[in-house]
Amino acid sequence: SPHIVVERNARGDTNLEVFVKRLSSTGKPAAGQGTGDTSAGSNINLSVDSVSIRGGTITLPAGSTNAERVNLRDVNISLRDLAVDQSCKLDAQANLFTGSHSVARIQGQAGPFTADALPLDGKLSVTIAPDDIPAAVRQTEFGKLLGAPGSKARVSLEATIKGDLYGIVSGPGSLDLSEVLIGKDAQHVLPLSGHVPLAIT
């Protein structure tokens with residue numbers, strides 16, 4: 001049940017990203033260091049059969065200055081055959097926001113991990129109940145579009161994604177909307193449902 005707080009610096013880098021990049025670094029010792037030096041600049045060769053996190057919480061940076069920070073709850077992450085010079089099997093799932101209906105999951109191959117790249121090839125599935133999103137976050141991110149989205153509203157995204165998590169990840173997918181109410185409040189809404197093929201980046 002770890003609690004991970006993600007912070008972002010002025011350059012836009014998160015502490016989690018910096019940690020992974022440093023862990024992945026396999027650079028040679030800096031000039032002037034003796035062969036017996038065991039500082040962080042030395043080569044690293046690490047191989048782990050399985051790493052897992054169960055029941056964790058990740059607190060993400062707010063989308064804007066006035067927005068609330070978002071918590072990912074019940075975070076379950078599994079990494080198998082983890083090594084710096086090869087890809088590993090990734091299965092990560094988390095509950096989004098405050099309710100129990102919003103879930104995100106990524107399954108696939110990740111790596112090899114380096115200081116400059118984190119390749120990913122897998123499937124992304126996200127189901128969001130807009131009513132789970134805190135009202136302040138809905139207001140900040142969507143304005144008056146989701147003032148009263150409805151308790152039965154669901155938005156589901158399925159996509160096959162490939163790319164570099166430090167750069168661009170993209171692929172084909174589809175978006176399904178069910179009983180979503182669009183409008184500024186419960187007295188002024190328009191129901192929206194449907195299926196949309198899309199390309200995600």
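Predicted model: local features only at pLDDT ≥ 70, side-chain atom pairs only at ≥ 80, totals over all residues.

1. Helices (H or I, at least four residues) and strands (E, at least two) are DSSP runs, numbered from the N terminus. With these terms, the protein chain has 2 helices and 9 strands. Their order from the N terminus is β-α-β-β-β-β-β-α-β-β-β.

2. Residues are numbered from 1 along each chain as its sequence is written, and side-chain values use heavy atoms, with hydrogens and water left out.

3. Burial is given by relative accessible area: buried means under 20%, exposed over 50%, and partly exposed in between (1.4 Å probe, protein chains only). Of the 201 residues in the protein chain, 28% count as buried.

4. Glu179, in strand E8, has a phi of about 55° and is partly exposed at 44% relative accessible area. Asp81 belongs to strand E3 (residues 70-83); its phi is near 60°, and with a relative accessible area of 38% Asp81 is partly exposed.

5. One peptide bond also deserves attention. Gly111 and Pro112 are joined by a cis peptide bond, with omega about 0°. Pro112 sits in the loop between strand E5 (103-110) and E6.

6. The second largest pocket has a volume of about 240 Å³. On a 1 Å grid over the protein atoms alone, a pocket is an open set of points where a 1.4 Å probe fits, with protein on both sides within 12 Å along at least five of seven lines; lining residues have an atom within 4 Å of a point. Grid points are joined across faces, edges and corners, and the volume is the space filled by probe spheres set on the points. Of its 14 lining residues, Ile128, Pro130, Phe142, Leu146 and Val155 are the closest to the centre of the second largest pocket.

7. Which strands each supply at least two residues of this lining? They are E6 (119-128), E7 (154-164) and E8 (169-185), and E8 gives the most, with 4 residues. By class, the lining has 14 nonpolar, no polar and no charged residues; here Ala, Val, Leu, Ile, Met, Phe, Trp, Tyr, Cys and Pro count as nonpolar, Asp, Glu, Lys and Arg as charged, and the others, Gly among them, as polar.

8. A search of the whole structure finds 3 salt bridges, each being a side-chain nitrogen of Lys or Arg within 4 Å of a carboxyl oxygen of Asp or Glu. Side chains of opposite charge can pair when their charged atoms come close. One of the bridges joins Asp91 and Arg105, with the closest N and O atoms 2.8 Å apart. Asp91 lies in strand E4 (residues 88-96) and Arg105 in strand E5, so this pair ties together parts that are 14 residues apart in sequence. Asp91 is partly exposed at 25%, as is Arg105 at 28%.

9. The other two bridges are as follows. Asp13 and Arg11 meet at 3.3 Å, N to O; Asp13 is partly exposed at 24%, whereas Arg11 is exposed at 69%. Asp74 pairs with Arg73, their closest N and O atoms being 3.9 Å apart. Asp74 is partly exposed at 39%, and Arg73 is partly exposed at 24%.
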